[in-house]
There are 4 protein chains.
Amino acid sequence: MAETGGVRDLLIAARREQILGAATRVFADKGFSRATTREVAREAGVSEGTIYNYFEDKEALLMAIMDMLNETERRADDFREGLATDFQGFFEAYLRHRMVVIWENREIFRVVMSEMLVNAGLRERYMREVVEPTMRIGEENFQERVRQGKVRPTDVPLAMRVVTGSVLGLLVLGLLGEKEVASRWDEASGVLGELLLHGLEKMGGDQHA
Amino acid sequence: MAETGGVRDLLIAARREQILGAATRVFADKGFSRATTREVAREAGVSEGTIYNYFEDKEALLMAIMDMLNETERRADDFREGLATDFQGFFEAYLRHRMVVIWENREIFRVVMSEMLVNAGLRERYMREVVEPTMRIGEENFQERVRQGKVRPTDVPLAMRVVTGSVLGLLVLGLLGEKEVASRWDEASGVLGELLLHGLEKMGGDQHA
Amino acid sequence: MAETGGVRDLLIAARREQILGAATRVFADKGFSRATTREVAREAGVSEGTIYNYFEDKEALLMAIMDMLNETERRADDFREGLATDFQGFFEAYLRHRMVVIWENREIFRVVMSEMLVNAGLRERYMREVVEPTMRIGEENFQERVRQGKVRPTDVPLAMRVVTGSVLGLLVLGLLGEKEVASRWDEASGVLGELLLHGLEKMGGDQHA
Amino acid sequence: MAETGGVRDLLIAARREQILGAATRVFADKGFSRATTREVAREAGVSEGTIYNYFEDKEALLMAIMDMLNETERRADDFREGLATDFQGFFEAYLRHRMVVIWENREIFRVVMSEMLVNAGLRERYMREVVEPTMRIGEENFQERVRQGKVRPTDVPLAMRVVTGSVLGLLVLGLLGEKEVASRWDEASGVLGELLLHGLEKMGGDQHA
DNA sequence: CATGAATGAGCCTTCATTCAT
DNA sequence: AATGAATGAAGGCTCATTCAT
């Protein structure tokens, strides 16, 4: 009986995933509001009624998609641990990892970001649950690096936002279909790391002159 | 008679602006699809029917908002001209200017970006009309700077996207309500410029060690 | 002053006709309900507001068109007078005349008939003002012919309807675009007269056997 | 399972009929354009949305009503077969039958005819699908009768239109509410047959004199 | 649990009519 | 008298949600 329940739970979870995946695809294609439950159902291969056995309403689908994104972020953050020594190495590896994970989940980002931009409630929830914790941890790390003298003394909070934002901005460019970014995503993290670490300007000299 | 026509044209243009402003506010608040023409009309202080005397349909409102953004971008680009000498000075001034303009038009960006993320047609039009031309000009500029030896030799196309993306990403963070970015936008361009020019890493070397 | 008034009246009448003609064309093309006052105005070469200086509302346009048809019928009826002698000659001439007049006004019939079929009020008014008087006069004429022994004794009221109906039916066929009827309308009155006077059946013959 | 499907199909067909009947009544009463889907729904005893589960749009209701009429005509035409001998008997029986069928479906005719008069597309479809085939068959029949010497040599195409038109005209008179025709429809076919077969004119000849 | 027909609230849009110029 | 911008009521249609099977 317990095992039957276990199997059933697995089936239920699988069905949920199936519907959620379909919803992500349809929402990404049409946008949340323009997407219809009918099309989500067709894409998932179930009837419209079935969706309501797994989700309270259409909005709950969006929330569940957002939760997937939170999961992703949280897992990605685990990466930060145990990387105490080499700053440049850490930074580049971190960027690379984050960008890989983000790109894999880009369609989820697409849906969630599109809605967040025009939905204050969603936005606040995302900021509170995802961005703020991430920022706080990042800032601490950052501050520590400054204290260690590894990083140029700067406005840590804003620098943190610049780094985060530059990754986010590349993602957005990619989601908008920018061809260079979309086709060379893997290389982009290297260039981004290089710029953020060493800057554009050529060493040795001619600046300010 | 000519003046009457002139006055009339002004009134018509003003009415158009009035409706377009209202649409921008409502769309930014609710999102394009959730926004109703009724609410746009109320916000604009006209009747619903009047909207349709100035715009073909609801989608045309979105397109007109997008056109405002195109205008903005085009005017901002004029800035690039006549700045041939000091790279660092040019770059910082350019960033500052772009960021001011972008932030002033942030609600327009909010609406357009939200829709573009999930509307392929809009996206392609924006890429073709705004992003690609901007990128092309920027790349040429960039390339020239590299040739002049002012800028570290790098992957110019991707570096260009990184710079563009970092501005875009800060904007998105601000639009998402990130408090640091939103409240210190003016300072952000300085930090961004510093990072992009000189990098995070402290000079004189302990990297890799 | 009186003459100025006369000239003015003529201008007013001409403008009325202009609008009414435009309305007839547009209504005939789209149907009363689908036609818009805007299109009537454009077709008439006036502004929408002007229509309302000449007609109470859109329905009044329809009523005025119907009145044109009443006029037509009344004038056509004058024909009946002073034709007392030869039945066959009278009948054929009458048919020919009626059919010419009807065909000339077919677009008016098109509009009015289409609306009457689904508008009880209009229908009743038309029956009362046009059909019933016509029928009454026709029946009297008919009855007299029977009394004179010129016409086969028959059910005069129904025979009257059959004659009227056969003309009406040809008109409807023509309005529906039946090519034979539409292209050979002038010949149709002859064939109709022949059939109604002498019948299809060959004389001297094998009927009933 | 098969039977369940059968029952479901029957229910679906019944629901379709229910909506179509309601649409016919409402359209006949108000005209297609003035009729509202809301009123059709109320008349059918379903919700407005349900209409759209069975018909593409409001126009599809009209088309389906027209199809009912096509069906009717096609079934009525079957009558023509196997009636080879007595012309007068055939003709009278044919008229009687056609008129009964037409009168039974008069409200369908009302709706369709009203729209056809002012809708070229509908008109052409009806001419092509219904009138032209009917005319062709009728003409052949007619021609054969002439060849057999049963029918006075005449302009067969136009004579065919006269016969068809006279039935159509009586229908229109009836639809317009002409009391004699409406209340004595059954007798009308007899009078019509008599007139079309033998004509109005008294035999034994005072014609032309 | 799955289904999909039924529902009806609500949206975009049209258009007859008004009225200030 | 002519104009045409403004109005807002009303209609066709969509779609999230419910529920009987």
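Around DNA strand E, the surface draws at least two residues each from helix H1 (2–30) and H3 of chain A, from helix H2 (37–44) and H3 of chain B, from helix H2 (37–44) and H3 of chain C, and from H3 of chain D, where a helix is a DSSP run of H or I with at least four residues, numbered from the N terminus. Please keep in mind that this is a predicted model, in which local features need pLDDT of at least 70, side-chain atom pairs count only at pLDDT 80 or more, and totals for chains, interfaces and linings use all residues. Residues are numbered from 1 along each chain as its sequence is written, while chains are lettered from A and ligands numbered from 1 in the order in which they are written.

There are 32 residues around DNA strand E, and Gly49(A), Thr36(B), Asp57(B), Asp57(C) and Gly49(D) come nearest; a residue is near a strand if its C-beta atom, placed from the backbone, lies within 6 Å of it. By class, this surface has five nonpolar, 14 polar and 13 charged residues, with Asp, Glu, Lys and Arg counted as charged, Ala, Val, Leu, Ile, Met, Phe, Trp, Tyr, Cys and Pro as nonpolar, and the others, Gly among them, as polar.

The surface near DNA strand F divides into four nonpolar, 14 polar and twelve charged residues.

Finally, chain A has, by an automatic or database domain assignment, domain 1 (1–55) and domain 2 (59–209). Nine residues of domain 1 of chain A are in contact with eleven residues of domain 2 of chain A, contact being C-beta atoms, placed from the backbone, within 7 Å.

How values were computed. Contact = placed C-beta atoms within 7 Å.
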